[in-house]
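I opened this model to look up a few residues and the overall fold. My entries follow in the order I made them.

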Amino acid sequence: MDFTIRAANLDDCKDIARMIVELAEYEKLAEHVKVTQKDLEQDGFSKNPFFHGIIAEVPEQHKTKEGHTKIGYALYFYSYSSWSGRAIYMEDLYVMPEFRGKGVGKALMSKVAQLALAAGCHQLNFTVLDWNKPSMDFYLSQGCFDITATMGYHCMRCEGEALEHLAQP
């Protein structure tokens, strides 16, 4: 299938916001999406961006029945491991259902890995839901491993009132 992978730009935020909702619906977590197109524009394309993104795009003749040519994305940011140094965190990897199994997801993840290596990173980190066997199988087939199973780490979060409480001196 014919597609291209390129850096996301400000004009992609509407489609990224659409696909974030699609991903959240797939993950059965749509009620948790709070980010808006405006948030994406500000947070990803300001002077000091909080994230970077890449887009998978098909030619006009392969657009969806809804008219979309942007059919996948990955969001990532740089982080740091106190054990191994520079790292990259892939927040999202998403391909619209009708385009899955055609190499788009692998191409997006490969591009994130290329960007990581170009920046001197030693790790690519991300999370996957425990019930999402197709994604887990895909990641394992790419040479990734489950750090919860092998090292015992769990991904933790503090948000909302608990975050505000924690921030009190």
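**Entry 1: D15**

I started with D15, which lies in helix α1, residues 13-26. I kept in mind that the model is predicted. Is D15 buried or exposed? I found a relative accessible area of 15% for D15. The cut-off for buried is under 20%, so D15 is buried. Next I looked up the contacts of D15, leaving out residues up to four places away in sequence. D15 touches H68 and K70. I noted that strand β3 covers residues 70-81.

**Entry 2: Y73**

I then went to strand β3, residues 70-81, where Y73 lies. I read a relative accessibility of 0% for Y73. Y73 therefore counts as buried.

Which residues does Y73 touch, not counting those up to four places away in sequence? I listed I16, M19, I20, L23, I54, I55, D92, L93, Y94 and L108. Helix α1 spans residues 13-26, and I16, M19, I20 and L23 are among the partners of Y73. L108 is also a partner of Y73, and helix α3 spans 104-118.

I checked one of these pairs through the backbone. Y73 and I20 are 53 residues apart along the chain. Their C-alpha atoms are separated by 9.0 Å.

**Entry 3: C121**

I moved on to C121. I placed C121 in the loop between α3 (104-118) and β5 (123-125).

I looked up its partners with residues up to four places away in sequence left out. C121 touches Y78, R86, A87, I88 and A116.

**Entry 4: K28**

I looked for a contrast and took K28. K28 sits in the loop between α1 and α2 (37-44). At 60% relative accessibility, K28 passes the cut-off for exposed, which is over 50%. I also read the backbone angle of K28. Phi of K28 is near 60°. I noted this as a positive value in a residue other than glycine.

**Entry 5: the whole chain**

I stepped back to the fold. I counted six helices and five strands in the protein. From the N terminus on, the order is β-α-α-β-β-β-α-β-α-α-α. The radius of gyration is 17 Å, close to the 15 Å that the globule rule gives for 169 residues, so the protein is as compact as a globular protein of that length. Along the principal axes, the C-alpha atoms fill a box of roughly 55 × 35 × 35 Å.

Of the 169 residues, 32% count as buried.

**Entry 6: surface, charge and record**

I read an accessible surface of about 11000 Å². Carbon and sulfur atoms hold 55% of this surface. I counted 17 positive and 23 negative side chains. The centres of the two sets lie 5 Å apart.

Last, I checked the record. An unreviewed UniProt entry lists residues 19-169 as "domain: N-acetyltransferase". Over residues 19-169, I found 34% helix and 21% strand. The end C-alpha atoms of that stretch are 39 Å apart.

Terms used. Residues numbered from 1 in each chain as written. Predicted model: local features only at pLDDT ≥ 70, side-chain atom pairs only at ≥ 80, totals over all residues. Heavy atoms only, no water. Helix = DSSP H or I, 4+ residues; strand = E, 2+ residues; numbered from the N terminus. Rg over C-alpha atoms; globule rule 2.2 N^0.38 Å. Buried < 20%, exposed > 50% of the residue type's maximum accessible area, 1.4 Å probe, protein only. Areas by Shrake-Rupley, 256 points an atom, 1.4 Å probe, with all protein chains shown as cover. Lys, Arg positive; Asp, Glu negative; His and termini not counted. Charge placed at Lys NZ, Arg CZ, Asp CG, Glu CD. Contact = heavy atoms within 4.5 Å. UniProt positions renumbered as here; feature names shortened; annotations may be inferred.
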